[in-house]
Amino acid sequence: MKKLVAAMLVLLLAGMLVAGCGGTDKKKIVVGLDDNFPPMGFRDDKNNIVGFDVDLAKEAAKRLGMEVEFKPIDWNSKEAELNSKRVDVLWNGLTITEKRKENISFTKPYMENRQIIVVAANSPVKTKADLAGKVVGVQEGSSSVEAVEKDAAVLKSFKELKKFGDNVAALMDLKAGRLDAVVVDEIVGRYYIAKKPGEYTILADNFGSEEYGVGLRQDDKELLSKLQKVMDEMKKDGTSAKISRQWFGEDIVK
């Protein structure tokens with residue numbers, strides 16, 4: 001009888017330990033991001049992941065009482081990474097679109113953005129109409145692709161819409177003359193252009209405006225509610241504005 005009781009106690013303790021481990025797991029949030037998307041999320045010269053969205057996510061996780069892990073992913077497969085539970089949220093300049101809403105849930109928009117057209121400083125291309133017969137670059141899996149595809153007449157006029165793994169590669173090809181233009185998120189585009197004064201020009205024309213939100217699995221309603229609450233608090237108490245000024249020199253949080 002004593003042996004039976006002892007065995008039951010061992011099983012009970014093991015169960016408690018397993019349950020404890022499960023609780024610990026839930027105390028961490030894994031953020032999926034493209035680590036080559038400055039200033040939202042990228043690696044600094046010491047290979048640390050930094051950025052505006054990274055700082056927002058760190059502050060939100062702290063307020064939620066959770067650890068945060070930043071996991072670089074193939075941005076073209078972001079929805080699969082999220083729904084297979086390899087990451088818990090997508091937080092890296094993620095544009096809210098009706099198509100994406102079919103597979104993931106979003107927080108309220110926290111930033112506005114435009115899809116700008118970048119050309120070389122000496123380019124003869126001055127308008128969208130001038131892109132006829134030209135090779136235009138975009139980041140594969142980005143909202144830039146959707147924005148260009150919406151403008152069917154202009155897209156049809158291109159010689160080629162060339163897709164790249166990241167915006168850095170596209171802008172390098174533009175500089176080298178292998179592209180005539182790059183369509184890119186305004187926030188990331190202006191960040192790169194500021195680092196290369198005199199090399200690029202942004203056209204007055206663009207491919208529309210959009211809004212950024214944090215993406216979550218559709219069944220993570222509780223996490224979405226809690227995250228939205230702390231993001232609202234961060235905006236109300238000025239924390240989001242402070243982080244924005246550190247990265248952009250002004251408060252551009254929506």
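Colleague: What conventions apply to the residues and atoms here?

Modeller: Residues are numbered from 1 along each chain as its sequence is written, and side-chain values use heavy atoms, with hydrogens and water left out. Because the model is predicted, local features need pLDDT of at least 70 and side-chain atom pairs count only at pLDDT 80 or more, whereas totals for chains, interfaces and linings use all residues.

Colleague: Why is E186 called buried?

Modeller: Buried means under 20% relative accessible area, exposed over 50% and partly exposed in between, with a 1.4 Å probe and protein chains only; E186 has a relative accessible area of 16%, so E186 counts as buried. E186 is found in helix 8, where helices are DSSP runs of H or I with at least four residues and strands are E runs of at least two, numbered from the N terminus.

Colleague: What makes D151 partly exposed?

Modeller: The relative accessibility of D151 is 23%, which lies between the 20% and 50% limits, so D151 is partly exposed.

Colleague: What makes a set of residues a nonpolar core, and which residues have the most contacts inside the largest one?

Modeller: The set must consist of buried Ala, Val, Leu, Ile, Met, Phe, Trp, Tyr and Cys residues joined through side-chain atoms within 4.5 Å. The largest such core has 45 residues, and W91, Y110 and L227 have the most contacts inside it. Helix 2 gives the most to this core, with seven residues.

Colleague: How do you know that strand 9 and strand 11 pair?

Modeller: Two strands pair if DSSP finds at least two bridges between them; two bridges join strand 9 (residues 135–139) to strand 11, so the parallel strands meet that requirement. V136 has A181 in strand 11 as its bridge partner.

Colleague: Why are strand 10 and strand 12 placed at the edges of the sheet?

Modeller: The open sheet has five strands in the order 10-9-11-8-12, with mixed pairing. Strand 10 (160–164) and strand 12 each have a single partner strand, so one side of each is left without a neighbour in the sheet.
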